[in-house]
Amino acid sequence: MLKGKKIVLGVTGSIAAYKAAILVRSLVREGAEVQVVMTALARQFITPLTMATLSRRPILVEFFDPENGQWNSHVSLGEWADAMLVAPATANTLAKMATGVADNLLLTTYLSARCPVFVAPAMDLDMYAHTATQQNLGLLRSRGVQVVEPGEGELASGLTGKGRMAEPDEIVSALDRFFCKRRSLAGRRLMVTAGPTVEPIDPVRYISNHSTGKMGYAIAGELAARGAEVVLVSGPTALDAPAGVRRVDVGTAAAMCEAAQREFASCDGAVMCAAVADYTPAEVSGVKVKKGGEAWRLELKPTEDIAALLGRQKGDRLLVGFALETNDEQAHAGDKLRRKNFDFIVLNSLRDAGAGFGHDTNKISILHRDGRVAGYALKSKREAAADIADAVEGYLLK
Ligand code: C5P
């Protein structure tokens with residue numbers, strides 16, 4: 001699966017840098033193109049000559065070549081790569097990645113990279129266990145960086161514990177698994193609804209909700225990354241459409257309903273993640289309603305339940321729903337699952353810290369129609385999206 005994949009390998013100043021040479025050789029053997037970027041200190045541990053010979057490309061260390069002034073563009077490197085891997089990743093580099101420090105080519109490349117990023121930490125056991133390092137790793141994970149966990153064993157310091165960089169074979173298989181998974185949904189067409197809807201009251205005012213669209217966008221991105229053709233029917237959000245996803249912008253629940261029905265007709269399934277307004281003003285004033293002394297009674301009428309409508313039309317297509325609950329979570333979610341004819345429903349509870357609107361993290365449970373329930377830990381929305389995509393695969397690839 002690594003054949004033809006372009007990989008930026010960042011090497012930092014750790015004694016484990018010698019393993020980076022074996023890593024390069026394995027990646028090249030698998031057919032990957034490897035561009036090595038080293039920190040200045042990494043050169044003390046392994047020579048650029050070794051790395052250049054194995055990767056068959058000049059090594060990059062500085063922002064420009066001091067001999068001839070040639071500029072090493074971190075932006076184009078970040079765009080070129082299908083994946084960036086930092087191995088070994090020292091506590092220092094992980095801390096800089098977590099805080100956005102950009103004082104070497106490896107870090108500026110990381111900040112410019114649009115591709116998935118992997119890190120393989122390598123350090124002494126106490127440095128690894130330190131709250132600062134663990135918090136930095138947590139932060140990086142929450143932003144979607146994938147951590148290839150270090151192993152336990154004898155460390156360069158002579159101590160024994162967790163901090164040994166994962167073996168090159170393990171790192172290559174982590175990348176391999178990632179790229180393998182990526183194409184699993186090729187040939188499938190999926191729709192995702194996301195974001196809030198906006199129901200106008202008059203030309204100035206509207207009724208909406210706190211949905212930011214982050215969860216739905218992460219799901220659309222994850223499904224597309226696995227090779228699916230994804231259409232994202234989205235209410236207004238501040239987010240960019242994920243790479244490779246076609247976005248259909250809508251405003252009202254009625255517009256979302258129309259677009260969702262139209263798009264679902266040619267799809268193999270849909271994930272209904274949007275926070276659709278349940279009520280909309282019975283009448284929309286054509287002019288701004290003037291302020292007066294008395295109370296203003298606004299009459300609302302129910303909107304169409306898009307998910308339930310598609311549930312009646314779905315046939316053997318996959319339909320996934322969401323439930324955001326505040327109490328009796330499983331009972332309410334189970335009821336929605338049956339009522340709207342979902343195959344499975346993703347439940348989040350507003351009682352869980354870090355779950356729900358606006359957060360970059362989410363804590364989900366998945367309830368299946370056959371009664372199975374799977375609970376997941378608090379994760380980044382991107383990782384939660386991967387769990388949901390795994391469940392989607394469970395149905396579509398049966
Ligand atoms: O009933 P409730 O709004 O909690 O159901 C949530 C699920 O139904 C979500 O999957 C949501 O996207 C979907 N839904 C919908 N259209 C509506 C209301 C909810 O698609 N009008």
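Trainee: What should I know before I look at any values?
Mentor: This is a predicted model, where local features need pLDDT of at least 70 and side-chain atom pairs count only at pLDDT 80 or more, while totals for chains, interfaces and linings use all residues. Residues are numbered from 1 along each chain as its sequence is written, and side-chain values use heavy atoms, with hydrogens and water left out.

Trainee: How many helices and strands does the protein chain have?
Mentor: Helices (H or I, at least four residues) and strands (E, at least two) are DSSP runs, numbered from the N terminus. Here the protein chain has 14 helices and 21 strands. Its C-alpha trace spans about 75 × 50 × 40 Å along the principal axes.

Trainee: What percentage of the residues in the protein chain is buried?
Mentor: Buried means under 20% relative accessible area, exposed over 50%, and partly exposed in between (1.4 Å probe, protein chains only). Buried residues account for 50% of the 398 residues in the chain. As for area, we use the Shrake-Rupley method with a 1.4 Å probe, and for residues only the protein chains shown count as cover. The chain exposes about 19,000 Å², and carbon and sulfur atoms supply 51% of that.

Trainee: And contacts between residues at least 6 apart in sequence: what share joins residues at least 24 apart?
Mentor: A contact means heavy atoms within 4.5 Å. Among contacts between residues at least 6 apart, 66% join residues at least 24 apart.

Trainee: On to the ligand. Which residues come nearest to it?
Mentor: A residue is near a molecule or strand if one of its heavy atoms lies within 4 Å of it. There are 14 residues around the ligand, and Met 272, Ala 274, Phe 322, Lys 336 and Lys 340 come nearest.

Trainee: Which backbone atoms pair up with ligand oxygens?
Mentor: A polar contact is a pair of N or O atoms within 3.5 Å; within protein, one must be able to donate a hydrogen and the other to accept it, and residues adjacent in sequence count only if both atoms are side-chain atoms. A polar backbone atom of Met 272 is 2.6 Å from a ligand oxygen. For Phe 322, a backbone N or O atom lies 2.8 Å from an oxygen of the ligand, and for Ala 307 the distance is 2.9 Å. The protein covers 86% of the 450 Å² of accessible area that the ligand has on its own. Helix H12 (306-313) and strand S16 (318-325) are the elements that give two or more residues to the shell around the ligand.

Trainee: Is H12 mostly buried or exposed?
Mentor: With 6 of its 8 residues buried, H12 is largely enclosed by the rest of the structure. The buried ones are Ile 306, Ala 307, Ala 308, Leu 309, Leu 310 and Gly 311. Their cover includes strand S8 (189-194), helix H11 (253-264), strand S13 (269-272) and S16. At the N-terminal end, Asp 305 is the cap, with a side-chain oxygen 3.2 Å from the backbone nitrogen of Ala 307. After H12 comes Gly 315, with a positive phi near 60°.

Trainee: What about H6: how many of its residues are buried?
Mentor: In helix H6 (residues 105-112), 7 of the 8 residues are buried, so H6 is largely enclosed by the rest of the structure. Asn 104 caps the N-terminal end of H6, with a side-chain oxygen 3.1 Å from the backbone nitrogen of Leu 106.
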